[in-house]
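Reader: I am new to reading protein structures. Can we go through one together, feature by feature?

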Amino acid sequence: MTHDDTATLASAVRAAYERQTPLEVVGGGTRRHLGRAPDGQPLSLASHSGIVEYEPSGFVVTVRAGTTLHDLDAALSREGQTLMADIPRFSAASTIGGAVAAGFTGPGRPYTGALRDSVLGARVISGTGQVLAFGGKVLKNVAGFDVSRLMVGAFGTLGVILDVSVRVSRCPEDVQVVAFEMSWPEARECLKRWEGDLPLTGAFYHRGVLSVRLAGREARVAAAVRELGGEKGRPEAFTELRDLAFDFFQAPGSLWRLLVPPDSPWDPEETLIDWAGAQRFWVTLALAQEVREKAAQYGGQAVRVWGPDRSEGPWAAPPAATMALLTRVKTALDPRAILNRGRLYRDW
Amino acid sequence: MRELTEQKATVLPATFWRHLRRILPPDGLLTKPTQVAVYECDGLPVYRARPLAVALPRTRAEVGLVLALCSRYGVPVVARGAGTGLSGGALPHAHGIVLSLARLNRILAIDPDNRTARLEPGVRNSAVSEAAAPYGLFYAPDPSSQIACTIGGNVAENAGGVHCLKYGLTTHNVLAVRFFTADGVLHEVGGVTGEAPFDLLALLVGSEGLLGVVVEVTVRLVPKPPATVALLAAFRSLAEAAASVSAVIGEGLVPAGLELMDALALSAAQDYTGIPYPPDSQAVVLAEVDGDLATIELDVAHVRRLLLGHGAFAIEEARSEEDRRRLWLGRKSAFPAVGRLAPDYYCMDGTIPRSALVAVLAEIGERSRRYGLPVANVFHAGDGNLHPLILYDAKIPGELERVEELGAEILRLCLAYGGTISGEHGVGVEKLDGMCAQFTAAELATFHALKSAFDPHNLLNPGKAVPTPARCVEPGGMHVHEGRMPFSSLERF
């Protein structure tokens with residue numbers, strides 16, 4: 001389905017700006033449980049969908065926000081291509097706009113980059129209803145502030161994403177997963193040794209087992225599998241991790257991501273280690289404050305993914321002066337705080 | 001040369017100067033015309049202006065105090081690293097001060113275990129890789145001026161380099177920064193993975209000193225690839241060479257570098273270095289492939305097949321560091337080499353989608369013939385970043401104007417193909433007019449609103465990077481007269 005809904009959406013935002021009534025921006029609705037519960041009337045982008053431009057030989061696709069990742073994946077795979085960033089597909093309804101707004105990247109991040117790394121440009125509706133384009137569809141572009149990347153992970157609080165230009169890459173010829181029983185310190189040493197020497201595209205550590213994903217040219221992957229040995233693992237484990245679909249992520253409590261220096265000690269309470277040590281998933285009933293302090297103790301940050309208490313946002317507030325700066329940035333793009341009000345922080 | 005004219009004499013109260021002297025070390029304030037003259041321009045010397053003074057703080061605290069003081073007195077501040085920028089981003093403000101960060105040049109920490117480096121802004125780019133080398137690591141962004149340019153400047157300009165095709169630009173390699181807003185308040189953004197509620201890192205990187213003054217940068221270090229192979233392929237036409245680049249990219253290969261030189265650039269480089277290219281070369285493609293040994297063999301064979309399939313009639317291969325250096329020498333010295341072909345050249349910096357290379361190069365060639373002005377092409381073909389060099393003689397009346405007209409046409413061509421007016425050199429003062437062609441008034445107003453969020457009184461590098469709505473005239477480029485550029489011994493572009 002291809003439909004350009006820009007004019008309708010822009011006038012809806014303009015009207016909301018004039019009436020000062022907040023809007024909840026919704027794509028496929030598969031990420032509405034992430035972040036704080038926003039105020040406002042739903043503004044659906046589901047019908048604003050379709051590929052705007054796709055030149056396979058340029059490895060860039062420009063796509064409307066309401067396009068489902070399912071449809072986008074299908075169009076790319078017809079050309080033997082896939083999105084460069086390893087982003088979650090929570091369900092068949094998940095949209096590219098929602099993915100960019102949430103900003104999550106899966107286990108491929110240390111090897112194929114973060115989602116924000118592969119966003120080249122975006123068209124957005126500002127909080128005053130203006131349609132604005134930033135960045136572009138080329139790899140190197142230093143004209144203007146990088147507002148398109150700013151949209152990634154802002155949970156739709158800085159603009160309604162209309163379409164994005166993102167990088168794509170060639171589908172690997174082969175994907176294999178191998179697993180090893182070992183301690184975390186051993187696993188970390190192995191990962192450091194293998195990076196750059198092996199076609200790694202993911203690695204996670206869970207219950208005493210290091211699972212490693214190898215992808216790329218068939219001959220190279222086969223050689224790597226021979227070289228490494230280990231048990232044959234399930235490639236689906238990596239897409240399940242990417243989509244936060246493991247059963248234990250649903251256990252009672254809140255799901256947290258702890259972003260810490262990779263050499264931080266391993267706490268058995270942490271459910272799973274990803275990103276070569278830099279991301280630790282933790283499902284816990286502990287208070288938000290305790291979790292945030294735990295991450296801070298290692299010089300890191302804790303990001304709340306989901307949980308029963310919707311009053312707690314993903315991120316702790318930064319120091320007051322920096323919070324004031326964030327608020328001014330928010331105000332520059334959405335002066336009446338009508339876009340996803342309350343989704344990231346209370347009141348804006 | 002375009003001197004920025006003095007509008008009115010600025011007299012700052014003696015208390016301002018007294019306070020400023022008290023903040024800075026005894027040798028940390030330059031006010032004499034002879035001292036200040038050194039800072040009149042950056043790597044784009046056609047624009048010059050003399051600042052009221054140059055402040056040379058040694059510590060982060062001093063930087064904050066200088067900013068707070070200037071904020072109190074409404075004094076414009078232009079932050080400066082090594083001054084190697086190519087768009088006038090560090091051009092002083094005639095009524096303001098230059099804030100040099102060159103003395104904040106300590107490497108605060110190399111953390112090989114977590115693969116990060118924490119740096120003061122005045123650390124030279126290449127010093128980071130040198131410090132990381134004992135651990136088998138390096139800092140990937142490698143702008144051609146890397147032996148002189150600083151990390152702080154790299155952050156301001158979102159510096160790239162030959163290897164950014166594979167390893168990314170500065171924005172992909174910075175994890176956290178500490179910076180002052182114009183009011184002298186310190187902020188920290190980013191973190192272990194760079195993630196944050198708002199990606200202010202993305203805004204700051206490439207903001208050309210308009211949003212804040214960076215005083216500490218944490219960068220990602222990457223392991224050195226086990227092996228590197230360079231290939232030089234000679235073609236009988238520019239179109240074939242450009243098509244081969246599109247083919248390599250189109251196959252999904254990601255070489256560490258993929259560069260192209262046309263016939264004019266080749267003959268200049270050959271005369272300059274004395275290293276001959278294969279006879280009858282009309283264009284040369286340089287490809288560098290790195291990675292693990294097994295992958296490299298597969299990739300090199302694949303790239304070779306594509307180059308040969310698109311008409312390469314000779315391919316040289318280099319594996320040792322010395323051989324690779326020799327293969328790259330002509331490319332690295334192409335700009336000073338071209339500078340000897342004519343009294344002046346005008347360097348453009350547009351980027352286009354890589355699938356449009358053949359078409360855009362043909363159109364540039366057609367316009368070059370129509371204007372009767374030779375254009376040499378030496379550029380980062382792999383990421384579509386063009387550097388057409390228009391050769392001319394400024395002493396011929398009217399020639400400069402025709403060059404600017406041709407330059408404007410080339411930039412419009414880049415935009416028409418879905419590209420941008422600046423791939424890596426920045427907007428600075430030089431491409432302000434081009435910004436009007438690329439962005440609408442509402443988009444420019446958004447940039448100004450963001451600027452105000454960081455710097456409400458417009459004191460940090462005012463007048464650069466984002467044009468006022470009143471200004472929109474014609475796109476611009478970069479002029480080099482008789483090869484006179486500061487740091488003329490540096491490799492460039």
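Reader: In what order do the strands of the open sheet of four strands in chain B run, and what is the pairing?

Author: This is a predicted model, so keep that in mind throughout. To read a sheet, list its strands in the order they sit side by side. Here the order is β2-β4-β6-β5 of chain B, and the pairing is mixed.

Reader: Which strands stand at the edges?

Author: Look for strands with a single partner. They are β2 (29-30) and β5 (77-80) of chain B, so each has one side without a neighbour in the sheet.

Reader: In which sense do β4 and β6 of chain B pair?

Author: Compare the strand directions. Strand β4 (residues 53-55) and strand β6 (residues 97-100) of chain B are parallel, with three bridges. One place to look is B:A53, whose bridge partner in β6(B) is B:I97.

Reader: Which helix lies across β5 and β6 of chain B?

Author: That is α3 (residues 60-73) of chain B. The angle between helix α3 and β6(B) is about 165°.

Reader: What is the strand order in the open sheet of five strands?

Author: Read across again. The order is β7-β8-β12-β10-β11 in chain B, with antiparallel pairing. From one strand to the next, the twist averages 10°.

Reader: How many bridges join β10 and β11 of chain B?

Author: Five bridges, in the antiparallel sense, link β10 (residues 174-180) of chain B to β11(B). Among the residues involved, B:F180 has B:L186 of β11(B) as its bridge partner.

Reader: Which helix packs on this sheet, touching β10 and β11 of chain B?

Author: Check the chain letter here. The helix is α11 (residues 320-333) of chain A, and it makes about 70° with the direction of β11(B).

Reader: How is chain A divided into domains?

Author: A domain can take in separate stretches of a chain, as domain 2 does here: 174-196 + 203-242. Domain 1 of chain A is 6-170, and domain 3 is 249-336. The centres of domain 1 and domain 3 of chain A are 23 Å apart, taken over C-alpha atoms. Their contact uses 25 residues from domain 1 and 17 residues from domain 3.

Reader: What area is buried between domain 1 and domain 3 of chain A?

Author: Interface size is often given as the accessible area lost when the parts come together. For these two domains of chain A, about 1800 Å² is buried, with 61% from carbon and sulfur atoms. A:Y17, A:R36 and A:L158 supply 24% of the area that domain 1 buries against domain 3, more than any other three residues.

Reader: How many residues does each chain give to the contact between chain B and chain A?

Author: Count each side separately. Chain B gives 80 residues and chain A gives 60 residues. Together they bury about 5900 Å², 60% of it on carbon and sulfur atoms. In chain B, the residues that lose the most area to chain A are B:E195, B:P197 and B:F198, with 13% of what that side buries.

Reader: How many salt bridges does the rule find across the interface of chain B and chain A?

Author: Ten. There is also a salt bridge to look at by name: B:D199 meets A:R116 at 2.8 Å, N to O. The polar contacts between chain B and chain A come to 24 residue pairs.

Key: Residues numbered from 1 in each chain as written. Chains lettered and ligands numbered in written order. Predicted model: local features only at pLDDT ≥ 70, side-chain atom pairs only at ≥ 80, totals over all residues. Heavy atoms only, no water. Pairing = 2+ DSSP bridges. Helix = DSSP H or I, 4+ residues; strand = E, 2+ residues; numbered from the N terminus. Axes fitted to C-alpha atoms, helices over the stretch in contact; angles between N-to-C directions. Contact = heavy atoms within 4.5 Å. Domains from an automatic or database assignment. Buried area = accessible area lost by both parts, 1.4 Å probe. Salt bridge = Lys/Arg side-chain N within 4 Å of Asp/Glu carboxyl O. Polar contact = N/O pair within 3.5 Å; in protein donor to acceptor, adjacent residues only side chain to side chain.
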